[in-house]
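My notes follow the structure.

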Amino acid sequence: MIFNRAAFIERIDRKGDWDVIIIGGGATGLGTALDAASRGYSTLLLEQSDFAKGTSSRSTKLVHGGVRYLAQGDIALVYEALHERGLLLKNAAHLVKDQDFIIPCYSWFSKYKYLVGLKFYDLLAGKSGFKKSSFLSVDKVLQAIPGLKRDGLIGGISYSDGQFDDARLALNLAQTTAEYGGVPLNYMKVTGLVKEGELVNGVSFTDLESRKSYSLKAKVVVNATGVFVDEILKMDVPSGNPIVRPSQGAHVVLDKSFLQGSSALMIPKTSDGRVLFAVPWHGKVLVGTTDTPLDEHSLEPKPLDEEIDFILSTAGKYLKKVPSRSDVLAAFAGLRPLAAPGKNTNSTKEISRSHKLIISKSGLVTITGGKWTTYRRMAMDVVNKAIELGKLPAAKCITEGVKIHGYLPGIDEGALGIYGADAEGIRTLMVDEPELNVPVYKGYDYVKAEVIWMVRNEMARSIEDVLSRRMRLLFLDAKGALLLAPDVASLMAKELGRDTQWVETQILEFKNLVKQYLLSEIES
């Protein structure tokens with residue numbers, strides 16, 4: 001498989017019209033690209049930044065049906081998500097694992113309420129490969145989460161859900177799309193829609209590296225840009241009303257000593273009636289999330305002071321080791337593209353979580369809403385709708401059985417485990433070029449061969465691409481990422497043929513980015 005930006009650009013230089021052009025390289029856009037390419041349609045995906053730069057790299061890292069949606073009575077949404085959860089466990093076994101969650105119980109009423117609800121959750125899930133829920137004694141709960149306070153605890157409910165690495169899955173979806181003949185391209189900024197009369201039949205875009213502009217035609221243009229969907233819609237109808245309202249979800253990352261176990265903590269009802277998770281992830285503990293309505297969006301949203309305080313204070317009510325702002329290794333936020341309500345409201349509970357498919361009068365196809373777990377179903381709906389509209393010849397969806405790039409049965413917890421089957425290629429590189437078989441920086445497990453692999457085989461174009469979305473270090477330990485930045489920049493510059501000015505610029509830009517992940521900078 002060729003997964004190389006220069007090779008992809010050569011293909012768009014040679015090729016004329018496309019069957020499908022997708023705008024947006026997050027979960028939904030990449031899923032749609034894979035669905036379309038695997039059905040045999042010529043498929044081009046354009047992402048203005050790096051794959052999963054926005055919301056799709058900033059989730060709570062859960063592949064789940066949504067226990068709280070069950071409590072809200074949205075059984076159809078939960079059933080659909082649980083089905084998709086099972087498929088992800090089967091098709092991306094190198095990235096998705098069965099994670100134990102524990103709900104601590106402090107009253108007999110809550111014990112039976114949660115147990116009954118989760119038994120129904122198990123029933124909806126069917127034979128999906130995940131363990132069933134059960135009641136745990138106080139001792140069993142504390143054995144699983146030694147960092148949990150004992151005061152008032154009468155036991156807990158254990159249940160199972162999925163955990164994954166969101167940005168890594170996004171990259172693997174792009175690679176799988178390429179394996180089926182699709183062309184996924186990062187750093188391609190869409191600047192306009194091409195029309196024939198009133199109908200959209202292509203896009204104009206610019207390569208942000210070469211500054212070369214393109215105008216290409218397609219039978220179907222799909223707007224899958226998450227919180228940016230309204231910007232694309234306004235290219236079609238400048239006077240149109242917004243269809244999404246962004247909602248921010250913030251997270252903090254703590255040292256693993258705060259949980260002291262492999263089980264995740266699920267707090268079913270916070271002071272504002274929401275759900276909070278504390279989940280082991282890549283050797284740290286990820287705690288979140290919030291649900292804060294916003295009136296604006298950006299590629300780098302910042303956690304608000306009140307969101308950080310809410311997460312830390314809520315976690316502190318349950319953990320023996322109470323976390324403070326000085327304990328936070330990294331803090332980040334993601335924006336959910338929730339369907340905008342028909343009236344002004346600040347309650348995100350009034351905004352739909354299910355995805356919406358919109359067909360404009362111009363024929364532009366827009367998909368919005370949803371969540372990572374249901375990306376495949378959303379993609380299938382998009383392509384099926386294009387066929388139904390007569391834009392594409394009929395072809396059956398096959399993604400239920402498509403193994404995602406890197407697939408290996410079972411997760412390898414070793415240093416190269418997230419690469420799945422690609423780990424063997426990195427090990428070969430370490431043998432062929434022994435100078436790469438050394439740590440990027442003393443005290444960290446990442447080796448130089450990984451950086452070279454990411455440039456050669458994963459379309460990494462900047463040190464942010466490497467340290468944020470491929471190694472995930474920016475999200476796990478922001479200060480640590482800053483330590484690795486100069487060496488990563490030097491390795492990349494040599495591989496990409498960049499000069500010292502590029503290295504200096506990259507380090508400066510990354511240093512400014514890191515400030516947004518550190519609470520001392522968020523406060524200022």
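I count a cavity as a set of grid points where a 1.4 Å probe fits but cannot get out. The volume I note is the space filled by probe spheres set on those points. The model is predicted, so I keep in mind that local features need pLDDT of at least 70.

**Entry 1: cavities**

I looked for cavities of 30 Å³ or more and found two. I listed its lining: R85, Y121, D122, A125, G126, S128, F130, K131, K132 and S160. Helix α5 (residues 108-125) gives the largest share, three residues. By class I get four charged, three polar and three nonpolar residues in this lining.

I then turned to the largest cavity, with a volume of about 90 Å³. Its lining consists of L34, E84, L87, L88, N91, T373, Y375, R376, T399, V402 and I404. Two or more of these residues come from each of α4 (75-91) and α10 (375-388). The largest share, four residues, belongs to α4. Here I note six nonpolar, three polar and two charged residues.

**Entry 2: strand β18**

Which way do the side chains of β18 point? I find V365 and I367 on one side of the strand (residues 365-368), with T366 and T368 on the other. All four are buried. In a regular strand the side chains alternate between the two faces of the sheet.

Next I checked the partners. β10 (residues 213-223) runs parallel to β18, and two bridges join them. N223 has T366 as its bridge partner in β18. β17 (residues 356-359) pairs with β18 in the antiparallel sense, over four bridges. There I see L357 opposite I367. β17 and β18 make a hairpin, with five residues between them. In the turn, G363 has a positive phi of about 95 degrees.

**Entry 3: nonpolar cores**

Which residues have the most contacts inside the largest nonpolar core? I get I12, L44, L169, L185, V203, F205 and V222, in a core of 64 residues. Leaving out residues up to four places away in sequence, L185 touches R5, F8, I9, I12, L44, L45, L46, E47, F51 and M459. Another core, of 49 residues, lies apart from the largest one. I note L286, V447, W453 and V488 among its members. In soluble globular proteins, nonpolar side chains tend to be buried together.

Key
Residues are numbered from 1 along each chain as its sequence is written. This is a predicted model: local features need pLDDT of at least 70, side-chain atom pairs count only at pLDDT 80 or more; totals for chains, interfaces and linings use all residues. Side-chain values use heavy atoms; hydrogens and water are left out. A nonpolar core is a set of buried Ala, Val, Leu, Ile, Met, Phe, Trp, Tyr and Cys residues joined through side-chain atoms within 4.5 Å. Buried means under 20% relative accessible area, exposed over 50%, partly exposed in between (1.4 Å probe, protein chains only). Contact means heavy atoms within 4.5 Å. Two strands pair if DSSP finds at least two bridges between them. On a 1 Å grid over the protein atoms alone, a cavity is a set of points where a 1.4 Å probe fits but cannot get out, and a pocket is an open set with protein on both sides within 12 Å along at least five of seven lines; lining residues have an atom within 4 Å of a point. Ala, Val, Leu, Ile, Met, Phe, Trp, Tyr, Cys and Pro count as nonpolar, Asp, Glu, Lys and Arg as charged, and the others, Gly among them, as polar.
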